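Here are my notes on the model, written as numbered points. Please keep the sequence and the structure open beside you while reading.

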Amino acid sequence: MFKDGSNSLEASEATPLDSGSNSRLTLQDEVGFVGLGRMGKAMAATLPSPDIG
Amino acid sequence: MALGLQPTTDFTSLFHCQVVVSMLPDDDAVRDVVFGREDLGSRGLASGLKPGAIHLSMSTISTAAASRLAGEHARGGQGYVAAPVFGNPDAAKARELFIVAAGARTDVARCQPLFDSLGQRTFVVDSDPAHANLVKLLGNMMTATTLEMLGEAVALLRKRGLDPKSFVDILTGTMFSGRVHRIYGERIVGQRYAAGFVMPLALKDVRLALAEAATAGARCHRLAWCEIGC
């Protein structure tokens, strides 16, 4: 499915987000992440941040 | 991880998310994630996400791909925000990326807390996602041509028996004080070529920029030389 077999797929779901479609994300909403490679891994590590909300 | 990141290889577990962020190496990978792979029996985000959800696409991809992906998500009532980044994995870990975003205003605004978490500054281009990808590709085009010129200048100085470090110090201290000249000038002088950005991905971006130039009818001769150099 992915071009670079040497990189592991990072697919993750993080914290819940609020349902209001016009509102900013909050800690009650959920954020998913799909990543590959060094950038994918680096960003996955920073996604579930207490700053969201 | 404190907030509960759950690694998975099952896309369907992401379908209930309000926002799915993607950071993938090229057009094909993002297309597979959005459209799915029939041959593998996998559904894509466009068919799985709920109406109102947003795909926050942070990969460096072509403008044509961005437009196709945005269109597919729009058919499902989903938002598509393009937000490619300037910065390497170390910058990502330090939350120091520069983010270039484009998409529907309300969708971009919803994603702002994620931008704030991932980067140090976000530039919102306009409502067309493809335009963020164009800005990113042109930025990478300028980086590629700068590296080419820096390499040639340093090689010339070495051939003449001069110290390239002094040259880079003078140039970065006067007319060329930007990040690319400073960071890569130092590396080229020190002959430190450890990959922060691997060559196949750099070449991919050069070729994408050349394709954008061809589509626009713009001449980018220096970039074409970069492709040959790669």
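1. What percentage of the 230 residues in chain B do buried residues make up? Buried residues account for 38% of them, where a residue is called buried if 20 or more other C-beta atoms, placed from the backbone, lie within 10 Å of its own.

2. Before going further, bear in mind that this is a predicted model, in which local features need pLDDT of at least 70 and side-chain atom pairs count only at pLDDT 80 or more, while totals for chains, interfaces and linings use all residues. Residues are numbered from 1 along each chain as its sequence is written, and chains are lettered from A and ligands numbered from 1 in the order in which they are written.

3. Chain B has 10 helices and nine strands, these being DSSP runs numbered from the N terminus, with helices (H or I) of at least four residues and strands (E) of at least two. The C-alpha trace of chain B spans about 65 × 45 × 35 Å along its principal axes.

4. The domain assignment, which is automatic or taken from a database, divides chain B into domain 1 (11-128) and domain 2 (134-229). Their C-alpha centres lie 28 Å apart, and the contact between them takes 10 residues from domain 1 and 14 residues from domain 2, two residues being in contact if their C-beta atoms, placed from the backbone, lie within 7 Å.

5. The largest nonpolar core has 61 residues; such a core is a set of buried Ala, Val, Leu, Ile, Met, Phe, Trp, Tyr and Cys residues joined through C-beta atoms within 7 Å. Among the members that touch the most others is B:Ala83, and, leaving aside residues up to four places away in sequence, B:Ala83 touches residues including B:Leu56, B:Phe115 and B:Ala132.

6. Which helix do we find crossing H6(B) at roughly 115°? The answer is helix H9 (residues 199-216) of chain B, whose axis comes within 9 Å of that of H6(B), the axes being lines fitted to C-alpha atoms over the stretch in contact, with angles running from 0 to 180 degrees between N-to-C directions. The residues making this contact include B:Leu137 and B:Met141 of H6(B), together with B:Val206 and B:Ala209 of H9(B).

Definitions and conventions:
Buried ≥ 20, exposed ≤ 12 C-beta atoms within 10 Å, placed from the backbone.
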